[in-house]
Amino acid sequence: MGISRQHVQSIIDTYIEAWETQDPDLICTIFTPAAIYHERVMDDPIPGREWIRDYWQTKVVEGQANIRCHPLSLYLDGDTAIVEWQAKFDDLAQGVRKHMREIAVLEFERVGMEGYRIASLREYWASETVAVLQAGAASGSHSV
């Protein structure tokens with residue numbers, strides 16, 4: 001028997017919590033040690049949990065702020081899930097607030113007694129600018 005829908009939802013909840021709280025250590029808890037993360041599927045994947053953590057430190061912790069994410073749908077077939085969500089966040093490098101819509105394909109693998117973890121994540125997304133940030137706006141909060 002494969003991963004349950006409830007377990008997948010729990011992992012997605014952790015992913016969203018890690019993103020919204022900008023916690024690279026938390027994100028590592030849902031990946032296998034040898035997981036691959038494709039932020040852009042046409043580029044090389046990020047290989048392994050430690051590299052994923054470094055990516056999140058740079059991309060999420062240092063590059064984003066005021067993140068709000070809402071899951072929209074979840075489809076499960078065996079040990080593969082397709083998840084759709086939308087998010088709004090401040091892109092600090094570009095100085096803008098963005099709205100993003102994403103679909104992620106997650107492949108799960110059982111890791112000993114720990115249960116299932118993400119072995120592969122592939123993101124497909126589009127984003128649009130919804131506002132230009134004012135100086136100092138990244139430290140404030142925005143409602144979504």
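I103 counts as partly exposed because its relative accessibility is 36%; buried means under 20% relative accessible area, exposed over 50%, and partly exposed in between, with a 1.4 Å probe and protein chains only. This is a predicted model, in which local features need pLDDT of at least 70 and side-chain atom pairs count only at pLDDT 80 or more, while totals for chains, interfaces and linings use all residues. Residues are numbered from 1 along each chain as its sequence is written, and side-chain values use heavy atoms, with hydrogens and water left out.

Start at the strand that holds I103. It is β5, residues 96-111. Helices (H or I, at least four residues) and strands (E, at least two) are DSSP runs, numbered from the N terminus. Two strands pair if DSSP finds at least two bridges between them. β5 runs antiparallel to β4, with twelve bridges. It also runs antiparallel to β6, with 16 bridges.

Now the turns. Four residues separate β4 from β5 in their hairpin, and G95 in that turn has a positive phi of about 70°. The hairpin of β5 and β6 has three residues between the strands, and there G112 takes a positive phi near 50°.

Across the strands, I103 stands opposite Y124 in β6. I82 stands opposite V105 in β5. I103, Y124, I82 and Y75 form a nonpolar surface patch with about 380 Å² of accessible area together. Nonpolar side chains (Val, Leu, Ile, Met, Phe, Trp, Tyr) are joined within 5 Å, like charges within 9 Å. Accessible areas come from the Shrake-Rupley method with a 1.4 Å probe; for residues, only the protein chains shown count as cover.

Next, the interior. A nonpolar core is a set of buried Ala, Val, Leu, Ile, Met, Phe, Trp, Tyr and Cys residues joined through side-chain atoms within 4.5 Å. The largest one has 35 residues, and Y15, W19, F31, Y37, W56 and F108 touch the most other members. Elements that each supply at least two residues include α1 (5-20), α3 (49-61) and β6 (115-132). α1 gives the largest share, seven residues.

Beyond four places in sequence, its contacts (heavy atoms within 4.5 Å) include Y15, W56 and L121. H38 lies in strand β1. H38 counts as buried because its relative accessible area is 13%. Leaving out residues up to four places away, H38 touches D43, D44, P45, L121, R122 and E123.

How values were computed: Patches are made of residues with over 30% relative accessible area and no salt bridge: like charges are joined within 9 Å, nonpolar side chains (Val, Leu, Ile, Met, Phe, Trp, Tyr) within 5 Å. A salt bridge is a side-chain nitrogen of Lys or Arg within 4 Å of a carboxyl oxygen of Asp or Glu.
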